[in-house]
Amino acid sequence: MGIRFILMVNKQGQTRLAQYFEYLTLEERRALEGEIVRKCLARNDQQCSFVEHRNYKIVYRRYASLFFLVGVDNEENELAILEFIHLLVETMDRHFGNVCELDIMFHLEKAHFMLEEMVMNGCIVETSKSNILTPIQLLDKAS
Amino acid sequence: MGSLYLALLRLGCSRFVWAIQGDRLSELFTTLGDMIRAIRACKTAAEERAVVRKECAAIRASVGENDQDYRHRNLAKLMFIHMLGYPTHFGQMECLKLIASPGFPEKRMGYLGLMLLLDERQEVLIDLNHTNQYIVGLALCALGNICSAEMARDLAPEVEQLLQFRDPNVRKKAALCSIRIVKKVPDLAEIFLNPAAALLKEKHHGVLLTGVQLCTDLCKVSAEALEYFRKKCTEGLVKLLKDVVNSPYAPEYDVSGITDPFLHIRLLRLLHVLGQGDADASDCMNDILAQVATKTESNKNAGNAILYECVATIMSIEDNGGLRVLAINILGRFLSNRDNNIRYVALNMLIKAITVDTQAVQRHRATILECVKDMDASIRKRALELVYLLVNESNVKPLTKELIDYLQVSEQEFKGDLTAKICSIVEKFSPEKIWYIDQMLKVLSEAGNYVKDEVWHALIVLISNASNLHGYAVRLLYKAVQTAGEQETLVRVAVWCIGEYGEMLVNNVGMLDVEEPMTVSS
């Protein structure tokens, strides 16, 4: 429902974070990621952020060296997903302080925890940054 | 030494640990950071495979020894490796062992591993009854993402109880978990009706967001649920939307000056589902929809996202002339927006709006035609589809002319689509045979190789049936071939025609008023 997967990919096409909400085998995932990333990286800044792929859509946005790609069903509101991507970036920014690609790589579990607080089973759960970050900050204090 | 090591590990100072240990151990038990650095340093895919293989071997050894200390780190490494695309099934038991451990950090990692590495085919112990609310939250998350139909049936009553838990975070996750349960086992929808309706009275935005989503999905899954919510909740929802729209500045949920746009959009979606096909419900929501449509700021993406959803809702509920006009006007504004994203969604929505109010959409025909020539491929595709839907007997001639003109300058990848659409339009709406022949010849000269076989076969059939046009057709084809001989299909049609009506060509037989005499030497 809604969101099918969320990917963070850098300019060279390497996946830095992958969260799937529907089951795909490893080969399918690799093939999918390769195709989509090629399509999105080939587009320039003047083109719109929505790409049609098979029977669903990809909404993407570029922040510095990272591409955020979200695969959604055709009925989903694309502009809202763009807002969601921005919210995700702002949340990570608040936690890591000026987040960059390396932060995500070396703290992959934290990035996943944040994403889990925000999206569940393809559906947006929480949009308040403090509500999202509270459990993660508690975890940091406890360990 | 051992306990010092463990203590440092708990503090997260894994780098110190590595320094303290002897060489042999440090080789086997690299930290996550070290592994990532090693993988980054690889210049070729073969190097990367070697590093990953070495790490997997170390992890496998550690798993084999049932080593508790490194389980947490092993799993983190496995997740990274999995993301790169390597198989990691030997680590699945580790997830389950971590979940069963008492400490929160271990459980957290275990659940994360569960969701990333496993899928619904696994059977998992779930601690939904734990006293710690964060752990219950974790369990709900895991269940919500991967549970199977049997698990859903077993755990449904507990999840339903959790919808009334004291902590709002747990309520919110329980709501989403219920969605998955209801989708896997639609018969269970009834037990969630009342609790779901109760969620709509909450104040916490997270719970509202998920509660509304639960109601929407319940309506999709069960017709009784739809009736139930329509009767009992429509007014409440309208009031809720009004409150959200008029709410004062709330820093936590504010996006570009609008309070919680995500909640706006979810509510609009639920109203969409409730109002569709039901006049009373639609009446109830008219005012608030008008308010959202007119008062929302449209200079930021958040506002536009809300307007887009509002227009979608207006288009699908029962007719109220004024609202529809408002909606199409908003779409018209979107169409002339400089932002490509906005134009794309406007075109998308107009395609749906055509079935509802064709006249209104026709007024924007000129702008839509401009979009067919846009630089962005996604926009061009959408615009072309829309134009195709707009064609009728009165506007077919000017529209076709525009499209054929564009065919001459369009890009290669687009020519195929464009040609197919033009041929289809010409065939469906052509008012006279002579016009049909004219257009088809233009298309053949310009993009003959993209024309499908059935299409030019049909053209030949038409020509042979139109006996008064034989001469005209053959002369036109002859002229065309001289300038556009590389278009294979054109040549084929021409050759057939000349074969059939060659004498007409040479002797200028059966000329029509519009033609000029031509001399043809053999």
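**View 1. Packing of helices α8 and α9 in chain B.** In this predicted model, helix α8 (residues 104-117) of chain B and helix α9 (residues 133-146) of chain B pack with their axes 10 Å apart, at an angle of about 10°. The two helices α8(B) and α9(B) are therefore roughly parallel to each other (angles under 35 degrees). From α8(B), the contact (heavy atoms within 4.5 Å) takes F104(B), K107(B), R108(B), Y111(B), L114(B) and M115(B). From α9(B) come Y134(B), I135(B), L138(B), A139(B), C141(B), A142(B), N145(B) and I146(B). By class, the residues in the contact of α8(B) with α9(B) are 11 nonpolar, 1 polar and 2 charged. Nonpolar covers Ala, Val, Leu, Ile, Met, Phe, Trp, Tyr, Cys and Pro, charged covers Asp, Glu, Lys and Arg, and the others, Gly among them, are polar. Axes are lines fitted to C-alpha atoms, for helices over the stretch in contact, and angles between N-to-C directions run from 0 to 180 degrees. Helices (H or I, at least four residues) and strands (E, at least two) are DSSP runs, numbered from the N terminus.

**View 2. Helices α11 and α13 in chain B.** The axes of helix α11 (residues 168-184) of chain B and helix α13 (residues 205-221) of chain B come within 8 Å and cross at roughly 15°. Hence α11(B) and α13(B) are roughly parallel to each other. The crossing of α11(B) past α13(B) is left-handed (the near helix turned anticlockwise from the far one by less than a right angle). Among the contacting residues are R171(B), L176(B) and I179(B) of α11(B), and L214(B), D217(B) and L218(B) of α13(B). The contact of α11(B) with α13(B) has 9 nonpolar, 5 polar and 4 charged residues.

**View 3. Helices α13 and α14 in chain B.** Helix α14 (residues 223-246) of chain B packs with α13(B) at an angle of about 145°, the axes being 8 Å apart. The crossing of α13(B) past α14(B) is left-handed. The contact joins L208(B), C215(B), L218(B), C219(B) and V221(B) of α13(B) to A223(B), A225(B), L226(B), F229(B) and L240(B) of α14(B). By class this contact of α13(B) with α14(B) has 10 nonpolar, no polar and no charged residues.

**View 4. The interface of chains A and B.** The contact takes 54 residues from chain A and 65 residues from chain B. About 5,400 Å² is buried between the chains, 58% of it on carbon and sulfur atoms; buried area is the accessible area (1.4 Å probe) lost on putting two parts together, summed over both. Chain A and chain B share 6 salt bridges (a side-chain nitrogen of Lys or Arg within 4 Å of a carboxyl oxygen of Asp or Glu). E126(A) forms a salt bridge with K172(B), with the closest N and O atoms 2.8 Å apart.

**View 5. A salt bridge within chain A.** E101(A) and R16(A) meet in a salt bridge (2.9 Å, N to O). E101(A) lies in helix α3 (residues 101-106) of chain A and R16(A) in strand β2 (residues 15-20) of chain A, 85 residues apart.

**Notes.** Residues are numbered from 1 along each chain as its sequence is written, and chains are lettered from A and ligands numbered from 1 in the order in which they are written. Local features need pLDDT of at least 70, side-chain atom pairs count only at pLDDT 80 or more, and totals for chains, interfaces and linings use all residues, while side-chain values use heavy atoms, with hydrogens and water left out.

How values were computed
Parallel < 35°, antiparallel > 145°, perpendicular 65-115°, else oblique.
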